Amino acid sequence: MLWNAVPTDVPTGLDRIACPVTLAQGVLDVVASAQTVRYVPLVPGARFVPLPWAGHAPQWAVPEAIVDLVRRAAAEA
């Protein structure tokens, strides 16, 4: 887990993504906190959405918020 906290796994080519991107992460995620937000500046036009009351598995913790987020992202696209 410590090795995954070191930002050595940044993929290449994120600057070539040409579709809308929404990155979301649970604010209570103690497993991978701050891992998702570091990709925002690497993807053109990406936005970050913090998910209150969600941990490492937000789709389980706040499924309604995930469905709402997907619907909003799809509508904006």
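These legends accompany close-up views of a predicted model.

**View 1**
Trp53 sits in the loop between β2 (47-51) and α2 (58-61). Its relative accessibility is 73%, so Trp53 counts as exposed. The backbone of Trp53 also stands out: phi is positive, about 65 degrees, although the residue is not a glycine.

**View 2. Ala34 in the loop between β1 and β2.**
Ala34 is not a glycine, yet its phi is positive, at about 70 degrees.

**View 3. Arg38 and its polar contacts with Gln35 and Tyr39.**
Arg38 is placed in the loop between β1 (22-26) and β2. Is Arg38 buried or exposed? Its relative accessible area is 18%, and buried means under 20%, so Arg38 is buried. The Arg38 side chain makes a polar contact of 2.9 Å with the side chain of Gln35. A polar contact of 3.1 Å joins the side chains of Arg38 and Tyr39.

**View 4. The largest nonpolar core.**
Six residues make up this core: Leu14, Val21, Leu23, Tyr39, Val43 and Ala46. Neighbours within four places in sequence aside, Val43 is in contact with Leu14, Ile17 and Val21. A second core of five residues is separate, and Leu51, Ala54, Val62 and Leu69 are among them.

**View 5. The salt bridge between Arg47 and Glu76.**
Side chains of opposite charge can pair when their charged atoms come close. Two salt bridges are counted in the model. In this one, the side chains of Arg47 and Glu76 meet at 3.9 Å, N to O. Arg47 lies in strand β2 and Glu76 in helix α3 (residues 63-76), so the pair ties together parts that are 29 residues apart in sequence. Arg47 is partly exposed, with a relative accessible area of 27%. Glu76 counts as exposed, at 55% relative accessibility.

**View 6. The salt bridge between Asp68 and Arg72.**
Here the side chains meet at 3.0 Å, N to O. Where do Asp68 and Arg72 lie? Both are in helix α3, four residues apart, about one turn of the helix. Asp68 is partly exposed, with a relative accessible area of 38%. Arg72 is partly exposed too, with a value of 36%.

Key: Residues are numbered from 1 along each chain as its sequence is written. This is a predicted model: local features need pLDDT of at least 70, side-chain atom pairs count only at pLDDT 80 or more; totals for chains, interfaces and linings use all residues. Side-chain values use heavy atoms; hydrogens and water are left out. Helices (H or I, at least four residues) and strands (E, at least two) are DSSP runs, numbered from the N terminus. Buried means under 20% relative accessible area, exposed over 50%, partly exposed in between (1.4 Å probe, protein chains only). A polar contact is a pair of N or O atoms within 3.5 Å; within protein, one must be able to donate a hydrogen and the other to accept it, and residues adjacent in sequence count only if both atoms are side-chain atoms. A nonpolar core is a set of buried Ala, Val, Leu, Ile, Met, Phe, Trp, Tyr and Cys residues joined through side-chain atoms within 4.5 Å. Contact means heavy atoms within 4.5 Å. A salt bridge is a side-chain nitrogen of Lys or Arg within 4 Å of a carboxyl oxygen of Asp or Glu.
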